[in-house]
Amino acid sequence: MARRTEARTAAIAAVLSFAAAGCATSQQAPDSARAGEYQISCGYFGWYICYDKAAQLCSGGYRVVSESEEHFGGRKLRISCEGQK
């Protein structure tokens, strides 16, 4: 019986992980004229979702400009892609 519960728990965790990974959104930083600067919103999920999205956006690496955690706005990460100007 324990194995069945463990398998079910693992399956649920995997589904939730995939669902959370799709929750990050990004946009060109609104107040920046620099190319390659993005603001990523990842809701209230873990910071790793923001960082995963940053890695997808900036294949050559990135620099964190700022992190913010707002009460109603969730978590936001601002990055600048390396090698883009």
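User: Let's start with Glu 37: is this residue buried or exposed?

Analyst: Happy to begin there, keeping in mind that this is a predicted model. Buried means under 20% relative accessible area. Glu 37 has 3% relative accessibility, so it counts as buried.

User: Which residue forms a salt bridge with Glu 37?

Analyst: The general idea comes first: side chains of opposite charge can pair when their charged atoms come close. Here the partner is Arg 78, and the closest N and O atoms of the two are 3.0 Å apart. This pair ties together distant parts of the chain, since Arg 78 belongs to strand S4 and Glu 37 to strand S2, 41 residues apart. Arg 78 is buried too, with a relative accessible area of 14%.

User: How many salt bridges are there in total?

Analyst: The count comes to three. Another of them joins the side chains of Glu 69 and Arg 75, at 3.2 Å from N to O. In this pair Glu 69 is exposed, with a relative accessible area of 52%, whereas Arg 75 is buried at 18%. Glu 70 and Lys 76 also meet through their side chains in a salt bridge, at 3.7 Å from N to O. Glu 70 is partly exposed, with a relative accessible area of 36%.

User: Which residues does Arg 75 touch beyond its sequence neighbours?

Analyst: Leaving out residues up to four places away in sequence, the contacts of Arg 75 include Ile 40, Ser 41, Tyr 44, Phe 45, Trp 47, Cys 50 and Ser 68. Arg 75 itself lies in strand S4.

User: How does S4 pair with S2 and S3, and in which sense?

Analyst: Strand S2 (residues 37-41) pairs with S4 in the antiparallel sense over five bridges. Within that pairing, Glu 37 has Ser 80 as its bridge partner in S4. Strand S3 (residues 62-70) also runs antiparallel to S4, over eight bridges. There, Glu 70 stands opposite Gly 74, and a hairpin of three residues joins S3 to S4.

User: Why is S4 described as largely enclosed?

Analyst: Seven of the eight residues of S4 (residues 74-81) are buried, so the rest of the structure largely encloses this strand. Gln 39 counts as buried, at 19% relative accessibility.

User: Which residues of helix H2 are buried?

Analyst: In H2 (residues 47-57) they are Ile 49, Cys 50 and Ala 54. These residues cover an arc of only 140 degrees around the axis, so they sit on the same side of H2.

Note on methods: Residues are numbered from 1 along each chain as its sequence is written. This is a predicted model: local features need pLDDT of at least 70, side-chain atom pairs count only at pLDDT 80 or more; totals for chains, interfaces and linings use all residues. Side-chain values use heavy atoms; hydrogens and water are left out. Buried means under 20% relative accessible area, exposed over 50%, partly exposed in between (1.4 Å probe, protein chains only). Helices (H or I, at least four residues) and strands (E, at least two) are DSSP runs, numbered from the N terminus. Two strands pair if DSSP finds at least two bridges between them. Contact means heavy atoms within 4.5 Å. The arc is that of the directions from the helix axis to the C-beta atoms. A salt bridge is a side-chain nitrogen of Lys or Arg within 4 Å of a carboxyl oxygen of Asp or Glu.
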